[in-house]
Amino acid sequence: MHADVLTSQDHMALAERWGAHDSVPFPVVLSHGEGAWVSDLEGRRYLDFHGGYSAVNFGHQHPDLIAAAKAQLDRLTLSTRAFHNDQYGPFCRELAELTGTEMVLPSNSGGEAIDTAVKIARKWAYQVKGVPDGAAEIIVAGANFHGRTTTIVSFSTHPNHRAGFGPFTPGFRVVPFGDIDAMRSAVTANTAAILLEPIQGEAGIVVPPKGYLAEVRDLCNETDTLLVADEVQCGLARAGTTLALDHEGVRADLYTLGKSLSGGLMPVSAVIGRADVLGVITPGGHGSTFGGNPLACAVGRAVVRLLATGEFQARSRELGAHLHARLNELDGVTEVRGRGLWAGVQIAEEQVAGRRVTERLAERGLLCKEAKGHLRVAPPLVVTREEIDLGVNMIADVLA
Ligand SMILES: Cc1ncc(COP(=O)(O)O)c(C=O)c1O
């Protein structure tokens with residue numbers, strides 16, 4: 001059967017029968033996207049307030065990104081790191097210059113970048129800090145979300161993310177997010193790193209108390225501990241600055257990037273940061289067949305060029321202020337968290353029947369994801385003020 005002749009129902013049935021059940025997708029079958037809009041197989045258009053979990057910061061099918069990918073597809077897509085390619089070096093340099101960092105280690109998924117950062121922090125602890133072999137610890141925050149690998153779920157506090165997947169990787173301590181005293185008490189002579197999302201995404205777009213991230217930075221300086229900022233979701237203009245930590249005037253030693261590093265075209269991630277820390281990686285100690293491939297690097301370079309204009313950071317700040325103001329006015333909304341064009345919208349308990357709200361929004365033409373009583377709003381940063389109003393009005397209708 002040719003895919004073109006299948007109906008949406010057919011596609012959902014195929015996914016249910018032949019795909020593993022790792023998600024409960026909405027009953028829409030998307031087939032096209034442009035800017036802040038997507039459409040399904042039947043041609044119905046939806047305003048996208050989901051934004052691919054922040055991967056589609058530059059909108060669907062951004063012409064510059066598509067052009068960069070098409071041009072590179074016609075030349076070379078894979079060299080592996082066994083050979084140089086003519087996109088890797090420029091990508092590393094341009095990304096480092098954009099972010100004010102010194103070195104780049106490209107990879108594929110966000111989870112892979114986190115795993116890699118864990119390896120780097122541990123090796124740095126043994127080689128540089130002098131932690132006894134095998135004793136390095138990494139401190140993380142409760143309610144974190146850093147991905148799905150066995151090591152990463154080892155320090156998740158979400159029961160669903162761990163159930164059935166043990167034995168878990170040792171070497172992690174969990175403290176409450178935003179509690180500097182708890183963090184201070186958890187640091188020992190064996191602490192290699194503190195790994196944090198500067199704004200917790202999956203936890204509900206939770207911004208820590210003012211000054212917390214600067215205090216964590218000070219603690220790291222006092223105790224010779226690395227600060228690793230997971231900016232896979234909050235970075236690359238989503239929160240109104242190139243890196244979310246920039247807003248606090250705080251620098252991390254390592255950052256992880258992913259999602260929007262390709263604008264949603266393909267998996268591209270990276271660990272970036274201090275050269276003396278990334279320098280513990282030596283040949284044979286790490287590697288990836290696809291990491292740093294020329295197609296990924298060409299698309300990543302186009303993303304860096306978009307971010308270098310500052311336009312997307314400014315849009316996120318300015319339109320984000322409008323989005324937050326509008327959401328705060330809605331009846332039934334008890335709290336709006338977040339920064340920039342990124343909002344965790346807490347809805348009064350009695351009005352939420354979980355997914356019912358998002359299903360009704362989808363019926364009206366707005367795609368949005370719910371999680372435990374809140375709506376997450378993360379439209380592509382190309383969204384206009386009028387489109388924000390349109391989406392917020394739909395949310396108001398559904399809540400009424
Ligand atoms: C903060 C953060 N880190 C890491 C990841 C994992 O990224 P990936 O799904 O590409 O492995 C995510 C994914 O949502 C995330 O939000």
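A: A polar contact is a pair of N or O atoms within 3.5 Å; within protein, one atom must be able to donate a hydrogen and the other to accept it, and residues adjacent in sequence count only if both atoms are side-chain atoms. Here an oxygen atom of the ligand lies 2.7 Å from an N or O atom in the side chain of Q233. The side chain of K259 likewise has an N or O atom 2.7 Å from an oxygen atom of the ligand. At G111, it is a polar backbone atom that lies 2.7 Å from an oxygen atom of the ligand. This is a predicted model, in which local features need pLDDT of at least 70 and side-chain atom pairs count only at pLDDT 80 or more, while totals for chains, interfaces and linings use all residues. Residues are numbered from 1 along each chain as its sequence is written, and side-chain values use heavy atoms, with hydrogens and water left out.

Q: Which residues are around the ligand?

A: A residue is near a molecule if one of its heavy atoms lies within 4 Å of it. The residues around this ligand are S109, G110, G111, F145, H146, G147, E197, D230, V232, Q233 and K259.

Q: How is a pair of packed helices described?

A: One gives the angle between the two axes and the distance between them. Axes are lines fitted to C-alpha atoms, for helices over the stretch in contact, and angles run from 0 to 180 degrees between N-to-C directions. Helices are DSSP runs (H or I, at least four residues), as are strands (E, at least two), numbered from the N terminus. In this model, α4 (residues 88-99) packs with α11 (residues 294-308) at about 25°, their axes being 9 Å apart. Angles under 35 degrees count as roughly parallel, over 145 as roughly antiparallel, 65 to 115 as roughly perpendicular and the rest as oblique. Helices α4 and α11 are therefore roughly parallel to each other.

Q: Which residues of α4 and α11 meet?

A: Contact means heavy atoms within 4.5 Å. From α4, Y88, P90, F91, E94, L95 and L98 meet C297, G300, R301, V304, L307 and A308 of α11. By class, the contact of α4 with α11 holds nine nonpolar, one polar and two charged residues. In this scheme Ala, Val, Leu, Ile, Met, Phe, Trp, Tyr, Cys and Pro are nonpolar, Asp, Glu, Lys and Arg are charged, and the others, Gly among them, are polar.

Q: At what angle do α3 and α11 pack?

A: Helix α3 (residues 63-73) and α11 pack at about 155°, with their axes 9 Å apart. They are therefore roughly antiparallel to each other. Residues D64, L65, A68, A69, Q72 and L73 of α3 meet P294, L295, A298, V299, A302, V303 and L306 of α11. This contact of α3 with α11 divides into eleven nonpolar residues, one polar and one charged.
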